[in-house]
Amino acid sequence: MEKDTRIYIAGHRGMVGSAIWRKLEAEGFTNLIDRTSRELDLRHQESVEAFFEQEEPDVVIAAAARVGGILANRDHPYEFLVENLQIQNNLIEASHRLEVQKFIYLGSSCIYPKLAPQPIKEEYLLTGPLEPTNETYAIAKIAGLKACEAIRKQYGKDFISLMPTNLYGYNDNFDLESSHVLPALLRKFHEAKINGNEPVEVWGSGSPLREFLYADDLADAVHFVLEHKLPESYYNVGTGREISIKELALLIQEIVRHRGEIRWDKTKPDGTPRKLLDVSKLKAEGWEASTSLEEGIRNTYTWYCKQL
Ligand code: GFB
């Protein structure tokens, strides 16, 4: 793709958007377009259309969304549904109407059924009930995937969706109520360590299994998809490896060098028992993740400490 292609990265300040921005800059793209949420509220259709008419992007990468961990999803189902539908519908419709060449939509592995066979293949979509704690977010993300798939089939446009597994990395959300497990545990173990190794409280039973992809690896996959015309409408993006929450807690405790007790708060929900992605389709096209979980956590912890 030409290095002066006009590429709009929606959500460029978030963990995923900023990783994509870093990656495309490093690859020599000179025409990256951004707007902060104060400059452009993606939930307002008129503002989005005016922005697209003004900037005329050639490529759009939709990394803007209302996201959060299991508690944020469980406690705000309405906002997770409506805001994500508004954001993605505005971006998809404006990109379609203004003939954007390529549209890359980002979803999540929670779109798959709670008890899908593991590892989860793309074709398992809509074959069973969703995980209740994030059902509305999943429905919004499925709708976005289906909208892009319909434009692809009906109008022959290169609108493609990536469904990443649980993500972590720089610029993640470290708020203890609304964040995901990995950043939450990094912060909890760090704060407990500097407070005299006091006990750390981890949510749930510790038995759920999760797969974690480093945000910079997702950015690398987005660059790969930008440079290649792929045959399918959506692809899983992950490492193909899973870890239990208990093992994750012990790994983070060791990396942070916390020397205290771990306590389990069983009043908090476990969520889906497993969501390991089958990543063979994108691998067959030539892409796979390259950062190990331990290396990714060490990098993220180093970055976190520098931010304090
Ligand atoms: O990362 P997480 O919030 O989201 O939780 P999900 C993963 C597992 O970690 C759950 C446990 O079993 C949590 O109970 N956990 C343990 C913790 N300690 C903590 C903690 O301190 N904070 C958090 N947040 N979890 C999300 C979906 O599900 O996955 C989103 O709700 C999105 O919509 C995201 O799809 C990728 O992996 O359970």
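A cavity, as the word is used here, is a set of grid points where a 1.4 Å probe fits but cannot get out. With that in hand, welcome to a short tour of this predicted model. The largest cavity in the model has a volume of about 60 Å³, and a search of the whole structure turns up two cavities of 30 Å³ or more.

**The largest cavity**

- Which residues line the largest cavity? They are Ser109, Cys110, Tyr112, Pro113, Lys114, Gln118, Ile120, Glu131, Asn134, Thr272, Arg274 and Lys275.
- Sorted by class, this lining holds four nonpolar, four polar and four charged residues.
- Two of the lining residues, Gln118 and Ile120, come up again below.

**The second largest cavity**

- The second largest cavity holds about 40 Å³ of space.
- Its lining is made up of Ala62, Ala64, Asn84, Ile87, Gln88, Leu91, Tyr105, Leu106 and Lys141.
- Helix α4 (77–97) and strand β4 (102–106) each supply at least two residues of this lining.
- The largest share, four residues, comes from α4.
- By class, the second largest cavity is lined by six nonpolar, two polar and one charged residues.

**Helix α4**

- The buried residues of α4 are Phe80, Glu83, Asn84, Ile87, Gln88, Asn90, Leu91, Ile92, Ala94, Ser95 and His96.
- Glu83 sits in this helix, and because its relative accessibility is 17%, under the 20% cut-off, Glu83 counts as buried.
- Setting aside neighbours within four places in sequence, Glu83 is in contact with Arg43 and Arg66.
- After α4 comes Glu99, which has a positive phi near 55°.

**Helix α8 and the residue after it**

- Helix α8 covers residues 245–256, and its twelve residues should span 16 Å at 1.5 Å a residue; the end C-alpha atoms are 16 Å apart, in agreement.
- Buried residues in α8 are Ile245, Leu248, Ala249, Leu251, Ile252, Gln253, Ile255 and Val256.
- Arg257 follows α8 and lies in the loop between α8 and β12.
- The phi of Arg257 is near 65°, a positive value in a residue other than glycine.
- Is Arg257 buried or exposed? With a relative accessible area of 56%, Arg257 is exposed.

**Gln118 and the cis peptide bond**

- Gln118 is found in the loop between β4 and α5 (135–155), and Pro119 is in that loop too.
- What kind of peptide bond joins Gln118 and Pro119? The bond is cis, with omega about -5°.
- Gln118 is partly exposed, with a relative accessible area of 21%.
- Not counting residues up to four places away in sequence, Gln118 touches Arg274, Lys275 and Leu276.
- The Gln118 side chain reaches the backbone oxygen of Arg274 at 3.4 Å, and a polar atom of that side chain lies 2.7 Å from the backbone nitrogen of Leu276.
- For a sense of scale, the C-alpha atoms of Gln118 and Ala19 are separated by 28 Å, and these residues are 99 residues apart along the chain.

**Asp278**

- Asp278 lies in the loop between β12 (262–265) and α9 (280–285).
- Why does Asp278 count as buried? Its relative accessible area is 11%, and buried means under 20%.
- The side chains of Asp278 and Ser280 are joined by a polar contact of 2.4 Å.
- Beyond residues up to four places away in sequence, Asp278 touches Pro119, Ile120, Lys121, Glu122 and Asn236.

**Asn197**

- Asn197 is placed in the loop between α6 (181–194) and β7 (200–203).
- Although Asn197 is not a glycine, it has a positive phi of about 55°.
- Asn197 is partly exposed, with a relative accessible area of 27%.

Note on methods:
Residues are numbered from 1 along each chain as its sequence is written. This is a predicted model: local features need pLDDT of at least 70, side-chain atom pairs count only at pLDDT 80 or more; totals for chains, interfaces and linings use all residues. Side-chain values use heavy atoms; hydrogens and water are left out. The expected span of a helix is 1.5 Å times one less than its number of residues. Buried means under 20% relative accessible area, exposed over 50%, partly exposed in between (1.4 Å probe, protein chains only). On a 1 Å grid over the protein atoms alone, a cavity is a set of points where a 1.4 Å probe fits but cannot get out, and a pocket is an open set with protein on both sides within 12 Å along at least five of seven lines; lining residues have an atom within 4 Å of a point. Grid points are joined across faces, edges and corners, and a volume is the space filled by probe spheres set on the points. Ala, Val, Leu, Ile, Met, Phe, Trp, Tyr, Cys and Pro count as nonpolar, Asp, Glu, Lys and Arg as charged, and the others, Gly among them, as polar. A polar contact is a pair of N or O atoms within 3.5 Å; within protein, one must be able to donate a hydrogen and the other to accept it, and residues adjacent in sequence count only if both atoms are side-chain atoms. Contact means heavy atoms within 4.5 Å.
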